[in-house]
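Let's walk through this structure together, starting where two chains meet and ending inside a third. Have the coordinates open and follow along.

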Amino acid sequence: MVPAITADKLTKKFGDFTAVNQITFEVQKGEIFGFLGANGAGKTTAMRMLNGLSRPTSGQASVAGFDVYRETEKIKKHIGYMSQKFSLYEDLTVRENIQFYGGIYGLPGREIRHQIKELIGGLGMQEYANTLVKAIPLGWKQKLSFSIAIMHRPEIVFLDEPTGGVDPITRRQFWEMIYKAASEGMTIFVTTHYMDESEYCGRVSIMVDGRIAALDTPRALKEQFGASSMNDVFLQLTRPNQHGS
Amino acid sequence: MKQFGIFIQKELFHIFRDRRTLLILLGMPIVLVLLFGFAITNEIDNARIAILDQSKGEMSQKITQRLLASGYFLIDENLREVAEIEQHFREGKTKMAIVFPPELQENLRRNLPTQIQLIADATDPNTATTLINYASAIIGRYVQDQGRGQAMPLQIHTEVKMLYNPRLKSVFMFVPGVMTVILMLVSAMMTSIAITREKELGTMEVLLASPLRPAMIIIGKVIPYILLALANTVVILMLGAFVFGMPIKGSLFLLALECLLFVITSLALGILISTRTESQQVAMLISLMMLMLPTILLSGFIFPIESMPLALQVISNIIPAKWFIIILKNVMLKGTGVEFIWKESLILGGMALFFIGASVRNFKIRLE
Amino acid sequence: MATTQAIQVESLSKRYGKNVQALNQVSFEVGRGELFGLIGPDGAGKTTLIRILATLLLANEGQALVNGWEVRRDYRKIRSHIGYMPGRFSLYQDLSVEENLHFFATIFGTTIEENYELIRDIYVQLEPFRKRKAGKLSGGMKQKLALCCALIHKPVVLLLDEPTTGVDPVSRQEFWEMLKRLKEKEITILVSTPYMDEASLCDRVALIQKGNILSIDKPAGIVSAFDKPLLAVRTNDMYRLIHDLREFESTHSAFPFGEYVHLALRNAIWPEAIHAYLAGKEHTDIEIKPAQATIEDAFMELMTQE
């Protein structure tokens, strides 16, 4: 099977500064892949290259089978993207947001109408259908933006810091949606610096100073570092000098 | 006092570190004055006119020569009959036509009142008015000169006098206007933006939760802008005086005081705006729409208040800039003292007090 | 004065407009020198509560005292004696590290030198960047500077609104270490956070949700109040597992917890019964083990009881 994402010595330099330094990894279809790193470790830059928003300096990568140098437009058609900060238009209603994104991804009118019904019904947010997005609770916003991000059935969905700040139950409902999408074959690529979120991922990579410092299942990483949580793993990797002191 | 000092210092850091805004604030007055002075001038220069001389006498010839000698006018064509006038205007060849009646020579000789007809293309009313005024003035002066040598003064009806600005230089009109706009901009808009910026960035929250008194926050924020506004005033006046020869006949001290009064009025308006808005963007829009536009349009800076519809004339009374422009013209061009402008100054002072009062009432010592 | 609590809150309610009840009859006390955590998701009312205590908002009902002073009447006294750090980074981005600190020291009527002792541990980390503009600092450094500015006048009570939100784990940990050291200097600290795992770093916590306090206790007390048998379960198919467990007859609740599902049971049963049930549902790689409840388990339990 062709991997959903492959990166081979992918590198991005800004002048003298190497933001992403020869990262190599593969993400399988249907996998939930956590992409971790401290602020400034190069996560965002790496993700932009995979999204086709930023041209790599060197190395190879393909997303959904398309090349990140030559086929960026095709990549954009086959991925979904959700960020906690920018996904929805606050001054449009829930229905209008769905309509808008349906239009952007070129879904036919009949399909959009069907999706509006399906999506609002599926989330159980009928009472909010005609409410402005800014007036609905944060938890609903996140579930809605995820549903919208996967509305056009992308092969891969990129989640950028998806669940900060919501209550633990809503957060789990959100992860259940992600599990559902993954069980249907969608590949999930999550960046976060919220460490317990990473424990939900199938495999995680941890970036430190532009390099991938560790890549494995959370369980194996915890074993390898003798840590009780991913937070400890992360701290050991990013603060090696203080380890054991 | 130490708290106050550091606050002003901080404010000056903000102003001087934001190079781009500072450049705009200091550069804009210069650019505006030069623009108005050299480019967007409503002075008349070589305006094309047509002349229909039905009298064909010595008098009409001399008046025509006078008009041409002024440098304002250029003869486009000598017409032969009345019907040609309209055609000329339609073709847009000329801005004004002068008609000397057949009886001109005769009437003057017999000392009867005579009318010279001035017809202007009023599709551009400002230019039309200016042209008519210029022509009337020149004709009037000619008639006066003629009158001196004769026993009986000639009687031609042109009752326009151009006092205080005998050469009709528009520099004298726009220097006070530009000064008013700049002071309004720096004082009202910049303070309202500076205060809402603290709200937007959340630093106002920290200041409110500190022992600083609200009045100190406000005064600390406006003092640097008073200085900036006064610096602009000096620059504009110097440009007006040295580049365009604009006189300052009245007392400089009085002028400075009046500027300060207007700056305080504008600052109070800016503070009032900032107490009612939460974002810089809204503050800027309100400042532009509610302060700058009326200041430019309704203050008499560009359009004479006398020629506005009555409703706008009434509204113009609540525009601080209107009163300030009257004061400026009085002090700078006429050299009048405080005895002739105390009423306008009092009105401005009253407005300042009102706005300060409203700001104090609206200023919140908490977040809501 | 010495006998009063550092913070006393009594039946505090706050509404925004007609419909939004931000705080609903909230009562609690914070003792002197205590590190008290306010734990809850966004929209729980944490910011509103802290702002009321910082005298920046007025409550609709109820009473609140900070260091014995009433928040409405004695707001000027409170403002001089508390340190407040809002949720958003609220320093001057165009001023340098040093200038910011000097500014805040002066407006509180003190100097950096006078209270340097208090901030020294934190400030030494900032010292190399003291000429740098605050806007150019990293997220963690910004938080440290903000903390220094809130501390520079030696406040008796420190109010911190979500200081660790959006900060990476390393900086978060460092920040909590700093709070621990401040506690030793007898400064009362009220800190809010949406991260449940930070609860264990506080002396006592209040769990707060939709304007209501769900529980107030020591972190260990909150966890031990979770009295249902708890198991951690995993199989090859996470998504089906959650749903299958919810349909299991003895299940009280089933929530994903990292790579496991936390299964709370109505009554204690043998793990073999669950194993058999899951095997019957065609799960493979089944692993079932006893689990230690966390603050999150307790929080969710309290939420569902509401």
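The paragraphs below take up an interface and then a pair of domains. Please keep in mind as you read that this is a predicted model.

Begin with chain A and chain C. On the chain A side, 28 residues are in contact, and they meet 33 residues of chain C. The size of an interface is often given as the accessible area lost when the parts come together. For chain A and chain C, that buried area is about 2,700 Å², with 57% of it on carbon and sulfur atoms.

What holds charge against charge here? Six salt bridges are counted between chain A and chain C. One to look up in your viewer joins the side chains of Lys222(A) and Glu259(C), at 3.1 Å from N to O. Polar contacts also cross the interface of chain A and chain C: nine residue pairs qualify, with both partners at pLDDT 80 or more.

Now turn to the elements that build the chain A side. Four helices of chain A, namely α6 (168-183), α7 (195-198), α8 (218-225) and α9 (230-238), each bring at least two residues to the side that touches chain C. The most come from α6(A), which gives eight residues. By residue class, the side of chain A that touches chain C is made up of twelve nonpolar, ten charged and six polar residues.

Finally, move over to chain B. Its domain 1 is written in two segments, 2-40 + 169-362, while domain 2 covers 47-149. Taken over C-alpha atoms, the centres of domain 1 and domain 2 of chain B lie 44 Å apart.

Note on methods:
Residues are numbered from 1 along each chain as its sequence is written. Chains are lettered from A and ligands numbered from 1 in the order in which they are written. This is a predicted model: local features need pLDDT of at least 70, side-chain atom pairs count only at pLDDT 80 or more; totals for chains, interfaces and linings use all residues. Side-chain values use heavy atoms; hydrogens and water are left out. Contact means heavy atoms within 4.5 Å. Buried area is the accessible area (1.4 Å probe) that two parts lose on being put together, summed over both. A salt bridge is a side-chain nitrogen of Lys or Arg within 4 Å of a carboxyl oxygen of Asp or Glu. A polar contact is a pair of N or O atoms within 3.5 Å; within protein, one must be able to donate a hydrogen and the other to accept it, and residues adjacent in sequence count only if both atoms are side-chain atoms. Ala, Val, Leu, Ile, Met, Phe, Trp, Tyr, Cys and Pro count as nonpolar, Asp, Glu, Lys and Arg as charged, and the others, Gly among them, as polar. Domain bounds come from an automatic or database domain assignment.
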